[in-house]
Each structure stands twice: as structure tokens, then as C-alpha cells.
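Visitor: Hi! Could you walk me through how the helices pack in this one?
Guide: Happy to, here it is.

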Amino acid sequence: MSETRLSFKEMCAKFDVTPRTLRYYEYIELLQPEREGRSRYYGPREVARMTLVLRGRRWGYSLEGIRQWLLIYDKEGTKAQMEAWVNSSTRQLAELEEQRRQLEEAIEELTQSRDETADALKSM
């Protein structure tokens, strides 16, 4: 692999994404690779953006939310982007905490139901 630019295939392999996913991220303007004829090349900026996109997805952000956040950097710079990130991540953390609370509650209910059913089976 080239140190400064990755081909389309190398980008897919590096981030373990399908060609369809990579094309879609380009289509919705999360990535803007350099083009030479029909070939696409991804430089350090695109590699960094892809890293951020995948982290954002793992943390539960929508692609549109990620796109808007990346646009802040392009239009307003690093400080504005960092401020937006702090605000957004605070909201996202609250949402993830609520999801965890709901998941823990569901696990507790399911465990109780399973245990009650297992006890009932033993007495049959």
C-alpha cells in the first residue's frame, strides 16, 4: 500500500467496508477522493474522515449527523468543530446511558422469566 494514498480496494480493506458502503459515503459527501480517470485515491484527509465516520457509527450517530459535524470543520474550523463535538457527544452519551438502562431492565426481566420457567419445569 502507498503511504500517502490508498486505492479504492485498499481503502475497503483498511476499514473492512464493502465497495457499496464506500461508494455510498462518497455519494452522501462524507468522503471526496481524488480521481484520476476512473480510479479513486484516498489521501490522509479521507482516511482520517473515514476513521471518524466509523467511530461515529459505532457510537450511534446517524450518517447525516456525522456529515453535519464534518461540515463544521470545513466551514468554521477546528474550534467550532470541537465545541460542536462536546455538545453532541454529551447528548449522545445521555442517549446511550438511557439505552443501557433499558437494556439492563430487559435483561433482568428476561432472566427472571427464564428462571421462573426453568423452576416450573423442574416441578413438572
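Guide: One definition to begin with: angles under 35 degrees count as roughly parallel, over 145 as roughly antiparallel, 65 to 115 as roughly perpendicular and the rest as oblique. This is a predicted model, where local features need pLDDT of at least 70, side-chain atom pairs count only at pLDDT 80 or more, and totals for chains, interfaces and linings use all residues. Residues are numbered from 1 along each chain as its sequence is written, and side-chain values use heavy atoms, leaving out hydrogens and water.

Visitor: Thanks! At what angle do helix 4 and helix 5 cross?
Guide: Roughly 155°, and their axes come within 7 Å. Helix 4 and helix 5 are therefore roughly antiparallel. Axes here are lines fitted to C-alpha atoms, for helices over the stretch in contact, with angles from 0 to 180 degrees between N-to-C directions. Helices are DSSP runs (H or I, at least four residues), numbered from the N terminus.

Visitor: Which residues of helix 4 and helix 5 meet?
Guide: From helix 4, Trp69, Leu70, Ile72, Tyr73 and Glu76; from helix 5, Thr78, Ala80, Gln81, Ala84 and Trp85. Contact means heavy atoms within 4.5 Å. By class, this contact has seven nonpolar, two polar and one charged residues. Ala, Val, Leu, Ile, Met, Phe, Trp, Tyr, Cys and Pro count as nonpolar, Asp, Glu, Lys and Arg as charged, and the others, Gly among them, as polar.

Visitor: And how far apart are the axes of helix 3 and helix 4?
Guide: They are 10 Å apart, and helix 3 (residues 44-58) packs on helix 4 (residues 63-76) at about 140°. That makes the pair oblique. Among the residues that meet are Arg45, Arg49 and Leu52 in helix 3, with Leu63, Ile66 and Asp74 in helix 4. The classes there are six nonpolar, one polar and four charged.

Visitor: What about helix 1 and helix 2, at what angle do they pack?
Guide: About 105°, with axes 9 Å apart, so helix 1 and helix 2 are roughly perpendicular. Phe8, Met11 and Cys12 in helix 1 meet Pro19, Leu22, Arg23 and Glu26 in helix 2. Five of these residues are nonpolar, none polar and two charged.

Visitor: Switching topic: which residues line the largest pocket?
Guide: Leu52, Arg55, Gly56, Trp59, Tyr61, Gly65, Ile66, Trp69, Trp85 and Ser88. A pocket is an open set of points on a 1 Å grid over the protein atoms alone, where a 1.4 Å probe fits, with protein on both sides within 12 Å along at least five of seven lines; lining residues have an atom within 4 Å of a point.

Visitor: Which elements give two or more residues to that lining?
Guide: Helix 3, helix 4 and helix 5 (78-122). By class, the lining has six nonpolar, three polar and one charged residues.
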